[in-house]
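User: I have the file open and want to go through it with you. Can we start with the terms and then take the chains in turn?

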Amino acid sequence: MAECHPVGFQWVMEAKNRGATVIHVDPRFTRTSAMASSYVPIRSGTDIAFLGGIVNYILAGGLDFREYVVAYTNAATIVNDDFVDAEDVDGLFSGYEPDRHAYAPTTWQYAGQPEISAGGADTDSQRATAGPLRHESHGAPISAGVHRDETLQHPRCVYQILKRHFARYTPEMVERVCGVPRAAFQEVCEAWTRNSGRERTTALAYSVGWTQHTVGVQYIRTAAIIQLLLGNIGRPGGGILALRGHASIQGSTDVPTLFNLLPGYLPMPHHAQHPTFDEWVDGMRHPDQKGFWSNARGYATSLLKAYWGAAATADNDYRYDYLPRMTGDHGTYQTTLNMIDGKVKGYFLLGQNPAVGSAHGRAQRLGMANLDWLVVRDFFLTESATFWKDGPEVATGEMTPDRCRTEVFFLPAASHVEKEGTFTQTQRLLQWREKAVEPPGDSRSELWFFYHLGRLVRQKLAGSDRARDRAVLDLTWDYPVRGAQDEPSAEAVLKEINGYHVDTGQPLSSYTEARDDGSTAVGCWIYTGVYAGGVNQAARRKPGSEQSWVAPEWGWAWPLNRRILYNRASADPQGRPWSERKAYVRWDEQRGAWTGPDVPDFEPTKHPTYQAPDGATGPAALAGDDAFIMQADGKAWLYVPTGLVDGPLPTHYEPAESPVRNPLYGQQANPARRAYRRPDNRLNPSPPDPHSDVFPYVFVIGRLTEHHTAGGMSRTVRYLAELQPEMFVEVSPELAAERGLHHLGWAHLVTLRSAIEARVMVTERIRPLRVDGRPLHQIWLPYHWGGQGLTRGDSANDLFGIVLDPNVLIQENKVGTCDIRPGRRPTGPALRDYVAEYQRRAGMTTGTDRKD
Amino acid sequence: MGVRTWIASWPVYRQLTGTDPLGRGAAAKSAGSSRLTARTETADSVARSVCPYCAVGCGQRVYVKDGQVSQIEGDPDSPISRGRLCPKGAASKNLVTSELRQQKVRYRRPYGTEWEELDLATAMDMIADRVVAARDATWEDVDAQGRPLHRTLGVASLGGATLDNEENYLIKKLFTALGALQIENQARI
Amino acid sequence: MSEPAPSGSASYYGRPVIKAPVWGRAIPTYLFTGGLAAGAALLAAGADLTGRPVLRRTGRVTAAGAVGASICLLVSDLGRPDRFHHLLRVAKPTSPLSVGTWVITAFGTASGVAAAGEFASRLPRRGPLGTLGTLLPPAGRVAGLAAAGLAPALATYTGVLLADTAVPSWHEAYPHLPRLFGGSALASAAGVALIAAPLAEAEPARRLALAGMALELAGTRTLERRLDLLSEPYRNGRAGRLLRAGRVLGAAGMAGAVLGRRSRIVAALSGVALLAASVATRFAIYEAGVASATDPKYTVTPQRERRDQRGPSSPHLG
Amino acid sequence: MDGTTSLSGPLDPAPDAGYPDPPPRMGFFTDTSVCIGCKACEVACKEWNEVPATGLDLLGTSFDNTGALTANSWRHVAFVEQRRPDFRWLMMSDVCKHCTHAACLDVCPTGALFRTEFGTVVIQEDICNGCGYCIPACPYGVVDQREGDGRAWKCTLCYDRVGVGKTPACAQACPTESIQFGPLDELRERAERRIERLHSDGVPEARLYGHDPGDGVGGDGAFFLLLDEPEVYGLPPDPVVTTRDLPRMWRRAGLAALTVVAAVAAAFAGCSSPGRRS
């Protein structure tokens, strides 16, 4: 966190200064480790084993915050008799179908549930469409009635299942798998549990390297299990904090530029599951479901009204027919492979540099070289703009400009000070930026580009009556423009995102006002309230020093300006704070309302003892102690009966590339991982497959404080480039001795995809681990470099192949295997021969591919 | 300047006649130092902004003089960052005023070996043409069973995690209306 | 060499703690020319008062030439030579260079006039220049004596100039450098006199050569031996070689001065040796200072010893 | 010269430099125990002061690719990797010390270096002529000549910002308040409290550096909390301002001058005038 989010880290230092214990778990010793109370080195890719060990420590010792767990989690819920745990099938849950590499999750359900909820039936298509991603704002559907045993003694209650599942995650096993000595592990367990409960809370912060694993979602799930067992969710000083890495990456998920989502985590329709509007809406809300998703019809209708305005009416299902339909995986990696296969004609890159920033850089570049046209919008000529001219494949002779057909448009982009608009930062806070100056030259905002592109396309299609063109022509696309450059008004767009009454144009103030009768238009329902009262709430800048520590009048957080989600859980079931020390939101009996420094994440006047009448649905079905109001059963989920495609409980699998045989199960890697098995995407062999010894080392990539992502905004900036002026690789003194690497000399790393070179940094910040009884070397390298900018170097992402987490389709590029050799890599065509030699040694010959 | 003032401005004279005989401070202060003031004081305007790098969302104040950014620094009012910035945030002015920034449209024709210049309006028109053509060529109305698809897989997009919500909203809205599905961003990476 | 560069306990990656002087060769050369000018002015004044006209002329011309060269060297070494006049902006007793600037300005003016006095006879006899020609010789005499009055300061302040820095082997040598430089100034001026003056007028120069070089050699000996660790830079490397060369040349010059009473050639050779010795010594001392600044041990070790000698104190008061 | 207190010992430097009624002396307290080595200080300083970039050199000295305080780096973050026996990684943002007795200032022959009313030491870029004398005079190796420019440069403690009541750029940027700016008296008190806290928290190696008005430079306007010996960070262990010895130097020069005069007198006195001889 000190390394990648230094300014956020000030709060950790503040906490430490007030006596907090700071524990840092990371494969390499970073600037965060230097500040931590204790640092725990870990083998990359084994966090579920580590965290699972902590779950075991908590459950074996009965150290959970029992009142919280019983009241607010699904610990007491009884699970279906047919569920078989992975502990019993050597790493596979019940329902696995080997030929599809996918689960049929019907047996994972709670006991007494109807056969299966819509959308959950087929994890294959769930995986292809990254279905679980839409649960960012809510759990998957569950019908209202569930069986519970609040004594937690029922052998099939979640609590007991959890206990059995993690029983083998002992300190000894953690040491074997993670390379973490028992004493260090014990210290973490004790510190975490000691600092949790009524009087104290513990926060867990992860950087999104956690998501870049084939088991990434389950990493975070394991963290959630710990934090729920210890009562650290919905309370001040607790929580799981995702430290995201881009200015508005949260915003770009909320108002998504993602293939499977529409704004506010509404799913993009699937051709088979959602042929009609009603089926689409019912896919979001189970008809007899509890909670706020029951109004999904209102959110969906309002979005279509925002898109298609007057053309969207009840008679035509609000132009649901205009929405495109998914048929499978349309994610960025599938798209890249489709480009290589010639299926994609045009590609827009908007401040994004996949030639450096995406896994398997070579595939990215070969894909772009096979387009009809490419539009790059950026500040600088990035590697993705110039791949045809001086990319690595030009160097190897595989590509020459006069044989590359892609037509490239480079359009300069406006910077953050040259346009106005909102960023949503990592804690869901929207902050409005004022425009300082006009963009220089041809530089324009994305707002300008897409508004005018849309205008031009509409002009070209004008008069057409083909349905496909009507979808474009019926679009509401009448944003006011101003200035010499005809810049559209970002505030007008924000107002549409917020939503308004169709008849009056008055902004809505809460998503509860969204209607399914076409009377409201809402661009992104979770953002409703950002323009409440006709005021740009995201532009509020009351100084932090002049308001409470929660600072509710700085910017605006979704939903409804709540700063801590599920903060009802900061009070006990009766509505009293768990302790005065950790008081946050409480029930005020006199006022008959919830109160606190934050906006209560609960119906404002619902009494803590409220019990839903039989047959109630929606918010009315939520009891006064159902703190997790967006969950279908009002409870936080220790066990996930539906919505995940790789199992209801986290289970340690080895990374797709690992030099280590899974010590816990016969199943080596995540059985449901999304793989693309093709000759141009080979993965290094791992045990038990032969030849895994060709790639004996684990490598990890990451960020430096001084650089940003693929380097487009830092290698081009003098004051940053000079601070970390060259691509390097960090190795331990032991590995340096083993491989003959010299400090400040050159080394190159090899995988089945490519070989890259870097200057050697020998440092004790990287240390060998003992894993399963033998030494294991890890190598760290930054991924900031590429062939353009002030400082240039090989790209670490060229080393990776493409293999994804099945839930959200994010690639595993925080861990891989490689070989490392002293000296520089071969250049020109010899580089490909060199890699081919490794392919031969790894038992790969043309046309064959690794088995699962 | 008269001789008298000229002499009076001579630091040696000030040493001899003033409070600073050793010429260490007051006597040695130059005309330039006397005029010195922070350029934030003389800015024409200040925009309240947010750092464009990571997702912490640190507040920035952008000072403008004569239509140019003259300084970017942390906004002490921000309860998130309290005026602080990391090296990247602190280098924001360098980023936005970099002489390496491309300010002109560049065009590379198929099989071209060099960049060419292109007028922005022409580029926009050409891109619009290509979107319409690619969409038409790859349009899918229904699947094999006649269920609606209403889409094109011929046009894709990647990016948006450094863009504004308003921009992402228009991107998604336009592409969705065009039937383009493969609209992705860094959040998937 | 698979280990990273150690950051050791004695220093930070072996990097210097202080910055070495950024001056080029101009400054050690100036040390020499400044000294020469001062010594020559003194010789000239002595010759004037004792009736040695050739020696006087030699002295005055040498002084003017050398101080002229000195000023050029000083200005050329400035990072911004166009701002040389800023040196006259303040007068700071805390700055040897400021003191030196005022001294050299006054000295330069005086010795210029004195030297001009030597050439008064070449001016036309009539007109304004004629008047000047009449006024110059007496003015030159006064100026020459004034220059001589400033010369001891010019000859010795350069010792303070070097010593008043954080450069360990210079600063630690502060008790010795002024006298050493004064001696060197006299020896070098005597050297010029031995080359230029007739044997008949050269006796004071010979004596001055012996006295000056004796001071110089005694001084360098002290630097080499009496500064503990900080003597090392005077013995080692380029500085050590230059200092030894200076000693051989100085000894030769002294011997020549003694033996050259009867021979212009021997006297002249002796003069050359004395000049070379002075040059070598000045460069040696300059180089030794740079060497002591570059290696952090010369900064750190004596300071650590000093601190440790003060005895243990609570860490935060250390 | 004005007596020895102007050259050494405890002193309030602003009145001594001709400001009869100055504002409080301002300074930095750099607490390295909370430095995360992010280098925001280096960049913020360069952005504000428009300091040139230094070039692209991988130094191989941990994450330090700046190397030292130079004309083009007025803050320098040092990184020290240590095994003792536990591994630790020290980071420290170095800066001009703004000494009470500033050798650079005192030796400056143009008055380019001057003491501000805030007690800080600033090089006036409109005056400096690049004589270079301040460079070896500094006991901390701070001042440096800029190549191609010729003048000497160093931290100004953001004289322009401080003059209008703003915090210096580095201190404002510093995410963890490792760099604290304020009236020196307050900073010294704060530092004492911090040291006590660290000592009671089991960090006995924590120590202050440059805070003591009785030290060889009369105390630094920018002082530090360190976790190891100063020399480990590249700082001199016991710096003394060179001008403390200046009176003695001038006396030695005076004696030497007398020696010179005596030698000349003796050289002439002993021998007969050539005129008389002939």
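Analyst: Before the pairing, a definition: two strands pair if DSSP finds at least two bridges between them. Helices (H or I, at least four residues) and strands (E, at least two) are DSSP runs, numbered from the N terminus. The model is predicted: local features need pLDDT of at least 70, side-chain atom pairs count only at pLDDT 80 or more, and totals for chains, interfaces and linings use all residues. Residues are numbered from 1 along each chain as its sequence is written, while chains are lettered from A and ligands numbered from 1 in the order in which they are written.

User: Which strand of chain B does β11 of chain A join?

Analyst: Strand β11 (residues 407-412) of chain A is joined to strand β4 (residues 106-108) of chain B by three bridges, and the two run antiparallel. V408(A) is placed opposite R108(B) in β4(B).

User: And how many residues does each of chains A and B put into the contact?

Analyst: Chain A supplies 130 residues and chain B 100 residues, where two residues are in contact if their C-beta atoms, placed from the backbone, lie within 7 Å. Helix α18 (residues 446-461) gives the largest share of the chain A side, 11 residues. That side of chain A has 68 nonpolar, 43 polar and 19 charged residues. For the classes, Ala, Val, Leu, Ile, Met, Phe, Trp, Tyr, Cys and Pro count as nonpolar, Asp, Glu, Lys and Arg as charged, and the others, Gly among them, as polar.

User: What are the overall scores, ipTM and pTM?

Analyst: Both ipTM and pTM are 0.95.

User: Back to chain A. Is α20 mostly covered or mostly open?

Analyst: Mostly covered: seven of the nine residues of helix α20 (residues 490-498) of chain A are buried. A residue is buried if 20 or more other C-beta atoms lie within 10 Å of its own, exposed if 12 or fewer, and partly exposed in between, with C-beta atoms placed from the backbone. The buried residues of α20(A) include K495(A), E496(A) and N498(A), along with A490(A) and V493(A).

User: What do they pack against?

Analyst: The buried residues of α20(A) pack against α12 (296-308), β12 (421-424), α18 and β16 (500-501) of chain A, together with α7 (165-178) of chain B. Just after α20(A), G499(A) has a positive phi of about 100 degrees.

User: Which non-glycine residues have a positive phi?

Analyst: Y318(A) is one of them, at about 55 degrees, and C158(D) is another, at about 45 degrees. Most residues other than glycine have a negative phi, and most peptide bonds are trans. Y318(A) sits in the loop between α12 and α13 (332-340) of chain A. Y318(A) counts as buried because 23 C-beta neighbours lie inside 10 Å. C158(D) lies in the loop between β7 (152-153) and α5 (159-163) of chain D. C158(D) is also buried, with 26 other C-beta atoms within 10 Å.

User: Where are the cis peptide bonds in chain A?

Analyst: One runs from W558(A) to P559(A), with omega near -5 degrees; P559(A) is in the loop between β18 (556-557) and β19 (586-588). Another joins P687(A) and P688(A), where omega is about 5 degrees, and P688(A) is in the loop between β21 (674-675) and β22 (697-702).

User: Now chain C. How far does α9 reach?

Analyst: Helix α9 (residues 237-259) of chain C has 23 residues and reaches 33 Å from its first C-alpha to its last, close to the 33 Å expected. The expected span is 1.5 Å times one less than the number of residues. Among the buried residues of α9(C) are G246(C), R247(C), G250(C) and G253(C). Their cover includes α6 (177-196), α7 (203-225), α8 (232-235) and α10 (264-294) of chain C.

User: And chain D, what is in there?

Analyst: Chain D has nine helices and 10 strands, and its C-alpha trace spans about 85 × 45 × 40 Å along the principal axes. Of its 278 residues, 67% are buried. Chain D averages a pLDDT of 94, with 96% of the residues at 70 or above; pLDDT is the predictor's confidence in each residue, from 0 to 100.

User: What domains does the assignment give chain D?

Analyst: Domain 1 (9-240) and domain 2 (248-277), the bounds coming from an automatic or database domain assignment. Taken over C-alpha atoms, the centres of these two domains of chain D are 47 Å apart.
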